[in-house]
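Take a walk through this protein, one feature at a time. Keep the sequence and the 3D view side by side as you read.

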Amino acid sequence: MSQWIQVNNGLGNFPPTSMYVFVDTVYVGTFGGGIYRTLDEGNLWTAINGDLANLNVNDIRPGPIPKNIFVATSTGPYFTQDLLNYQNCTSTGLTNTDIHYFWFGGDDATDWAVGTNGGGVFASPDYYGPWTAYNTGISGEGLKVNDIGGYSDNSIDYSVMATDGGMYYSMDNLVSWTEKNNGLSGDALLVQKLTGLGSMVIIATRDGLFMSYDGGDTWTEQIADEKLNTVFITQSALSSTGFYCFAFGENGFFSEDFINYSQVDLSGLSGGEITCAAVNSSHMFLGTTLSDRSGGGVFRKPLDLVVGMPDEKENIKNFGQLNQNQPNPVTTSTTITYVLNNPGRVNLRIFSALGQEVQSLVNAHQGKGLHQVTFAPEGYGGICFYSLEIDGVVVGSRRMAVVK
């Protein structure tokens, strides 16, 4: 079994805190060493700190182009448009500058949000401020903000916030918050990261992984008694649903259906707990950090080996191709096209966000060439996937949004 390979060349011994991928370039934020990127799968990392005034980075998030980075540091938020000049976005109104989140907020006056360690959440129509506190309904450990996300459901925009005091939801662009912790207690209230698809929200806590599909009214335990630091969803043709959900901390887990989780083999990994992770087109990258933040490292492994599957990409290409549906999002109907390189048995199926089959569109032997089918969703809304099998081989899976 292939082991994880450490890829620290150029990184030093700074503990990684956050990571993301833009196309295939991997970016990592570290505590003490600032920000690095690699253009060659981690074989060489290059510092891109420019004039960044604080190298104690808690979190990094991407902008719309590769040279944009939103940086949360222990002494304020920063933004760069060129990887050289980092603008200090502290500005007026920001009364706490230990920043754990700096990225999107709500709409209009709350377009940009800052989550602080003890001061709650602040927002502004501009990424550089001035900032206004939006903490109505938040108290105690809830003022220690770790992550913010959001989604739309039935024409309502929801903001979702992960804190040391559990989960909070807002339906008015961060203006007021409601604590939603039914099913969370003890260390499960220490929510580190959140992710989701549609109205499904998944959270990584210090006592396991939990999921809610009802606006946070009920949290269901998916992985018990595990200290987790991060969770994220990634698209992959290796998955039968088109997606994997990964959760990491002291151990690692993955799921294709967001219900059943398998453990990731972490052989060869060292340097403490996994604090961040990212996936590009071929590899998964994990960042590990010692408990006292005295060191850490970055490790790499081919994604197909992480999920325990052989590399079948070239073999899959021999069967055919699945295209993105048009239009997407879907209101009344959409067209799905696909190509068979040779005659074969075709199965084209629609799945819900939880991996449950919604509808079978094609189950027949078809000839070589281009085919198309119309899908008109009835009684179903939100995120779903469609998957193409040819002669029992999953050729591809794609995501669509159904708007009702």
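What follows covers a sheet, a loop residue, charged pairs, cysteines and aromatic rings.

The model is a predicted one. Start with the sheet. Strands of a sheet pair through backbone hydrogen bonds, in either a parallel or an antiparallel sense. Here four strands form an open sheet, in the order β1-β28-β27-β26. Their pairing is antiparallel. The edges belong to β1 (5-6) and β26 (273-279). Each has a single partner strand, so one side of each is left without a neighbour in the sheet. Between them, look at β27 (residues 283-289) and β28 (residues 296-302). These two strands run antiparallel and share seven bridges.

Now move to a loop. Asn 68 sits between β6 (57-62) and β7 (69-73). Is Asn 68 buried or exposed? Its relative accessibility is 7%, and buried means under 20%, so Asn 68 counts as buried. Its contacts show what surrounds it. Leaving out residues up to four places away in sequence, Asn 68 touches Tyr 20, Arg 61, Pro 62, Gly 63, Phe 79, Thr 80 and Gln 81. Two of these names, Arg 61 and Phe 79, come up again below.

Charged pairs are next. Side chains of opposite charge can pair when their charged atoms come close. How many salt bridges does the structure have? The count comes to six. One of them joins Lys 144 to Glu 141, with the closest N and O atoms 3.3 Å apart. Lys 144 is partly exposed, at 28% relative accessible area. Glu 141 is partly exposed too, at 40%.

Another salt bridge links the side chains of Glu 273 and Lys 227, at 2.9 Å from N to O. Glu 273 lies in strand β26, while Lys 227 lies in the loop between β21 (220-224) and β22 (228-235), so the pair ties together parts that are 46 residues apart in sequence. Glu 273 is buried, with a relative accessible area of 19%. Lys 227 is partly exposed, at 27%.

Glu 389 and Arg 349 form a salt bridge as well, their closest N and O atoms 2.9 Å apart. Here both partners sit in strands: Glu 389 in β34 (residues 382-390) and Arg 349 in β31 (residues 344-352). The pair therefore ties together parts that are 40 residues apart in sequence. Glu 389 counts as buried, at 17% relative accessibility. Arg 349 counts as partly exposed, at 23%. Elsewhere, salt bridges with shared partners join Asp 59, Arg 61 and Asp 147 into one network. Arg 61 is also one of the residues that Asn 68 touches.

Turn to the cysteines. A disulfide is a covalent bond between the sulfur atoms of two cysteines. The structure holds zero disulfides. A disulfide would need the sulfur atoms within 2.5 Å. Cys 245 is buried, with a relative accessible area of 0%. Cys 89 is likewise buried, at 0%.

Finish with the rings. The model contains 17 aromatic pairs. In one of them, the ring centres of Phe 70 and Phe 79 are 4.6 Å apart and the planes meet at 40°, so the pair is tilted. Phe 70 is buried, at 3% relative accessible area. Phe 79 is buried as well, at 7%. Trp 103 and Phe 104 form another tilted pair, 4.9 Å centre to centre with 40° between the planes. Phe 104 is partly exposed, at 41%. Which residues do the ring pairs link into a cluster? They are Phe 70, Phe 79, Phe 102, Trp 103, Phe 104, Trp 112, Tyr 127, Tyr 128 and Trp 131. Phe 79 is a contact of Asn 68 too.

Charges also sit over rings. Lys 180 lies over the face of Tyr 169, 5.6 Å from the ring centre. The charged end of Arg 293 sits over the ring of Phe 31, 4.0 Å from its centre.

Key. Residues are numbered from 1 along each chain as its sequence is written. This is a predicted model: local features need pLDDT of at least 70, side-chain atom pairs count only at pLDDT 80 or more; totals for chains, interfaces and linings use all residues. Side-chain values use heavy atoms; hydrogens and water are left out. Two strands pair if DSSP finds at least two bridges between them. Buried means under 20% relative accessible area, exposed over 50%, partly exposed in between (1.4 Å probe, protein chains only). Contact means heavy atoms within 4.5 Å. A salt bridge is a side-chain nitrogen of Lys or Arg within 4 Å of a carboxyl oxygen of Asp or Glu. Rings of Phe, Tyr and Trp (its six-membered ring) pair if their centres lie within 6.5 Å; planes under 30 degrees apart count as stacked, over 60 as edge-to-face and the rest as tilted. A charge sits over a ring if NZ of Lys or CZ of Arg is within 6 Å of the ring centre and within 35 degrees of the ring normal.
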